Amino acid sequence: MAKHTNRLAEETSPYLLQHAHNPVDWYPWGDEALGKAKQEDKPLLVSIGYAACHWCHVMEKESFENEETAALMNEHFINIKIDREERPDLDHIYMDAVQAMTGSGGWPLNIFLTPDGRPFYGGTYFPPKAIYNRPSWQEVLTGVANAWTEKRDDIDAQATNLTGHIVQSNSFGQQAMDGDINIEALFSQEKADTMFNNIMGTADKEEGGFGNAPKFPQTFTIGYLLRYFHKTGNEQALAQACLSLDKMIQGGLYDHLGGGFARYSTDKEWLVPHFEKMLYDNALLVSVLCDAFQLTQQPLYKQAVEETLAFVERELFFGNSPSTGGGRGEVGFYSALDADSEGVEGKFYVWSRAEIATVLQQDAAIFCAFYDVTEAGNWEHTNILNIRKPLKQFAIDNNIPENTLQELLQRSREKLLQHRAGRIRPLLDDKILLGWNALMNTAYSKAYSVFGNPHYARVAQENMEFIMNRFTRNGQEFFHTYKKEVARYPAFLDDYAYLIQALIHLQEITGNADYLYQAKSLTQWVTDQFSEEGTGYFFYTHKGQQDVIVRKKEVYDGAIPSGNAIMAFNLQYMGVVFDMSGWKERAIKMCAGLQQAVHRYPGSFGVWAGMILSIAGGVEEIAIIGKDVELVRRELLQHFIPFRVLQSAPQANNDLPLLAGKPPTPDTQIYLCKNYQCSAPVEKVADLIRLLKNV
C-alpha cells in the first residue's frame with residue numbers, strides 16, 4: 001500500500017516534512033486552509049512546533065500517526081501545521097492566547113481558532129490517554145467539536161475576549177513618554193544598582209545561573225553583570241557572571257567532545273540538558289564568553305568559544321567553506337540539531353564506561369575520573385560527560401602535571417569524537433534563518449575582536465555576503481527563511497534588528513564604511529515599515545502583512561533578544577555615527593517607556609537593562625585615523641569597552657561626523673569624545689584606555 005502523504009510534502013521546513021506522511025490531512029498556513037475553514041464553517045486546529053522539539057515528536061507518534069485520532073481531526077477540523085521558527089509571528093500570537101487560557105505555554109502548541117483566525121481554546125502537549133490531570137487528545141477533539149455545534153455563541157465570546165487580551169498584552173510595561181525626558185533621574189546609578197540587586201535576588205550562588213530548574217543560559221543577564229562590573233567595579237557582579245559561565249561549560253549543557261551548548265538544563269546543576277543544539281543559543285553564548293574573556297583572560301572561555309565555533313563549522317555550515325581557500329566564499333548557518341536520535345533523547349551524546357574503556361584503553365581511567373563517568377552512570381544508567389573539579393585542582397589531587405593531563409584529555413576527546421561520528425546522528429534542521437544567521441555573524445565579529453583570528457573575520461564577511469545575495473532582491477526588503485534556493489516569508493522585526501547590529505559590528509572589525517551605509521538604509525526602512533505611531537516602539541510584522549489577526553509588539557528579552565531592544569541599540573549607535581538626533585532621542589524614549597518594568601524584572605529585560613546602563617554612563621565615541629589604522633584597531637578591539645561607537649579609516653571622511661575634519665598626520669591618532677566634549681588625540685591604545693578610565 002502506498003504511503004499516505006498530505007500537503008506538507010510540498011514544504012521545505014524539516015518540521016513540516018516530518019509530518020508529511022501522517023494520516024492527518026495537514027495544511028500549511030495559507031489561503032487554501034483559511035478559505036476552506038470559512039467555506040465549510042469548520043474550526044481551525046493549529047499545531048505549532050519545531051524540528052528539534054522532543055515533545056512535538058512524542059505527540060506526533062502517539063496521536064498524529066494514529067489512524068483513529070487522525071480521522072477525528074479530519075472530520076471536524078481544518079488542520080494546520082506551523083513551524084514556529086518559520087512563522088514566529090503566528091507563534092507569538094497564539095502562544096499569548098494559550099498562556100492567557102492555561103497560565104503556561106510551550107511546544108507543541110495546539111490551539112483551536114474560528115475560521116477567521118481568532119483563538120478560543122488550546123494547550124500544549126495532550127497525551128493519548130488521560131493522565132497527569134490532562135485530558136486525552138481524543139477527548140479534547142470531541143469536546144471542541146461538540147462545543148462548536150452546540151455552544152457557538154460562547155465560543156465566539158471567548159474568541160473575542162482572547163483577541164482583546166492579545167491586543168492589550170501588546171503594551172505590557174510600557175508607559176507613554178511625553179515631553180522632555182529627565183535622563184539623570186530615569187537613568188541614574190541608583191537605578192543601575194536596583195537592577196543589579198534584583199538580578200542577584202534570583203541568582204543561584206552555588207551552581208550559577210538564575211532561578212530554579214529548568215535553567216536557561218540567560219546570556220543577557222550575564223552580559224548586564226559584566227557591564228555593571230566594568231562600570232562600578234562591583235566584584236560580586238563579576239563573580240556571579242563567571243560562576244554561571246563556568247558551571248555551564250563544566251556541566252552537561254556543554255558538549256565536551258564536539259563543542260557547543262544545548263538549549264537548557266533540566267536540573268539546577270547543569271548536568272542533564274535538553275539535548276537539542278540551537279544556532280541562536282550558541283551565537284549568544286559565544287558573544288557573552290568573548291565579553292567575559294576580555295575582562296578576565298580566563299583560558300576556559302577562549303577554549304569554549306573556539307570549540308563552539310568549530311562545532312558550528314563542522315555541523316551547521318552551509319556553502320563553500322572559507323577554509324578551502326581560493327576566492328571569497330558564501331557561508332550560511334543551519335538552524336538546529338535535534339535532541340533525539342533513533343527516537344531516544346540524548347542517545348547520540350551519552351556513554352557507557354565500557355565503551356569509553358574500549359576506545360581509550362590505558363587513558364580511560366583518568367578520563368572517566370575527570371568527566372564523572374561511572375559503571376552505574378550519572379543519568380538513566382548512562383553517562384553525560386561533565387566536569388566536577390576544575391582541571392588545575394584535579395591535576396593537583398591526582399598528582400599529574402597539568403600539561404600532561406591537558407594533553408591526555410585532548411587526545412581522548414578527539415578519539416571519542418571520532419568514534420561518536422559513527423553513531424546515527426540527530427536530525428539536522430537545515431533551514432537558514434536570517435535573524436539567527438545575523439546573531440551568529442555578530443558572534444564571529446566579536447570572536448575576531450577578542451582573539452584576532454583572521455578566519456573569524458572572514459566567516460563573518462562571507463556570511464554577510466550570503467545574506468545580501470540570498471535573502472533580498474533589492475537590499476531593503478528581506479525574507480525570513482532560506483532553503484533549496486528559495487527565500488520565503490517577509491522578514492520580521494528581529495531579522496532586521498539583528499542584521500543591522502551585525503552590520504555595525506562588521507564595520508567595527510573591518511573599518512569598511514559600506515556596512516554602515518547599509519545599516520543606515522535598513523534602519524530607515526524599519527522605521528518606515530514597522531513603527532508604532534506615537535510610542536517609539538516597533539511592531540513585530542511590517543505594515544503590509546495581511547495574514548495576522550493582530551500586529552504584535554515584542555519587548556521581552558527571552559531566548560533571543562527583543563527586536564525592540566536591539567533597535568534601541570541600533571538607533572543609539574546610528575544616531576551617534578550619522579549625527580541624527582531624532583534616532584538618538586527615539587532610543588532614549590523607548591528605554592524610558594519601559595524602564596520601570598526593566599528595573600523590576602531585569603532578568604526578563606536583560607538587553608534593555610544594558611541599554612539603560614549605557615544611557616546612564618554615556619556613550620564613548622572613538623575614531624582612529626592614520627596609516628597604521630588596522631594595527632591600532634586590532635589592539636583596541638581586544639579591550640572590553642562596552643558602551644562605545646568605534647570608527648576607523650586611513651584618512652578623514654567628511655560624510656561621517658566622527659571621521660570628519662581630522663587633520664592629516666604621519667602618525668595614527670586616536671580621538672575620544674563623550675557627552676559633547678573631546679579629549680586631545682593620543683597615539684597609543686594604552687593612553688586611550690587611561691583616558692577612558694577618567695572620562
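This is a predicted model: local features need pLDDT of at least 70, side-chain atom pairs count only at pLDDT 80 or more; totals for chains, interfaces and linings use all residues.
Residues are numbered from 1 along each chain as its sequence is written, and side-chain values use heavy atoms, with hydrogens and water left out.

**Aromatic rings**

- The structure holds 39 aromatic pairs; rings of Phe, Tyr and Trp (its six-membered ring) pair if their centres lie within 6.5 Å, and planes under 30 degrees apart count as stacked, over 60 as edge-to-face and the rest as tilted.
- The pair of F275 and W379 is tilted, because the ring planes meet at 45°, with the centres 5.5 Å apart.
- This pair links distant parts of the chain, 104 residues apart: F275 is in the loop between β7 (273-274) and β8 (277-278), and W379 is in the loop between α15 (364-370) and α16 (391-397). Here helices (H or I, at least four residues) and strands (E, at least two) are DSSP runs, numbered from the N terminus.
- Both F275 and W379 are buried, where buried means under 20% relative accessible area, exposed over 50%, and partly exposed in between (1.4 Å probe, protein chains only).
- F318 and Y482 make an edge-to-face pair, with 6.4 Å from centre to centre and 65° between the planes.
- That pair also links distant parts of the chain, since F318 belongs to strand β9 (residues 317-319) and Y482 to strand β16 (residues 479-483), 164 residues apart.
- F318 counts as partly exposed because its relative accessibility is 24%, whereas Y482 is buried, with a relative accessible area of 3%.

**Charges over rings**

- The charged end of R84 sits over the ring of W107, 3.7 Å from the ring centre; a charge sits over a ring if NZ of Lys or CZ of Arg is within 6 Å of the ring centre and within 35 degrees of the ring normal.
- K520 has its charged end over the ring of F578, 4.7 Å from the centre of that ring.

**Empty space**

- Rolling a probe the size of a water molecule over the atoms shows where empty space is left.
- On a 1 Å grid over the protein atoms alone, a cavity is a set of points where a 1.4 Å probe fits but cannot get out, and a pocket is an open set with protein on both sides within 12 Å along at least five of seven lines; lining residues have an atom within 4 Å of a point.
- Grid points are joined across faces, edges and corners, and a volume is the space filled by probe spheres set on the points.
- There are 3 cavities of 30 Å³ or more in the structure, and the largest cavity holds about 860 Å³ of space.
- The largest cavity is lined by 40 residues, and R227, D291, K446, Q501 and H505 are the closest to its centre.
- Helix α12 (279-296) is among the elements that each supply at least two residues of this lining, and α12 gives the largest share, 6 residues.
- The lining of the largest cavity divides into 22 nonpolar, 13 polar and 5 charged residues; Ala, Val, Leu, Ile, Met, Phe, Trp, Tyr, Cys and Pro count as nonpolar, Asp, Glu, Lys and Arg as charged, and the others, Gly among them, as polar.
- The second largest cavity has a volume of about 140 Å³, and the closest to its centre of its 18 lining residues are G252, Y254, D255, F275 and Y349.
- The second largest pocket holds about 870 Å³ of space, and V576, K584, E621, N675 and Y676 lie nearest its centre among 33 lining residues.

**Backbone details**

- Most residues other than glycine have a negative phi, and most peptide bonds are trans.
- W107 and P108 are joined by a cis peptide bond, with omega about 5°, and P108 is in the loop between α5 (88-102) and β4 (109-113).
- Another cis peptide bond runs from A213 to P214, with omega near -5°.
- W270 has a positive phi near 70° and counts as buried because its relative accessibility is 0%.
- H381 has a positive phi of about 65° and counts as exposed because its relative accessibility is 75%.
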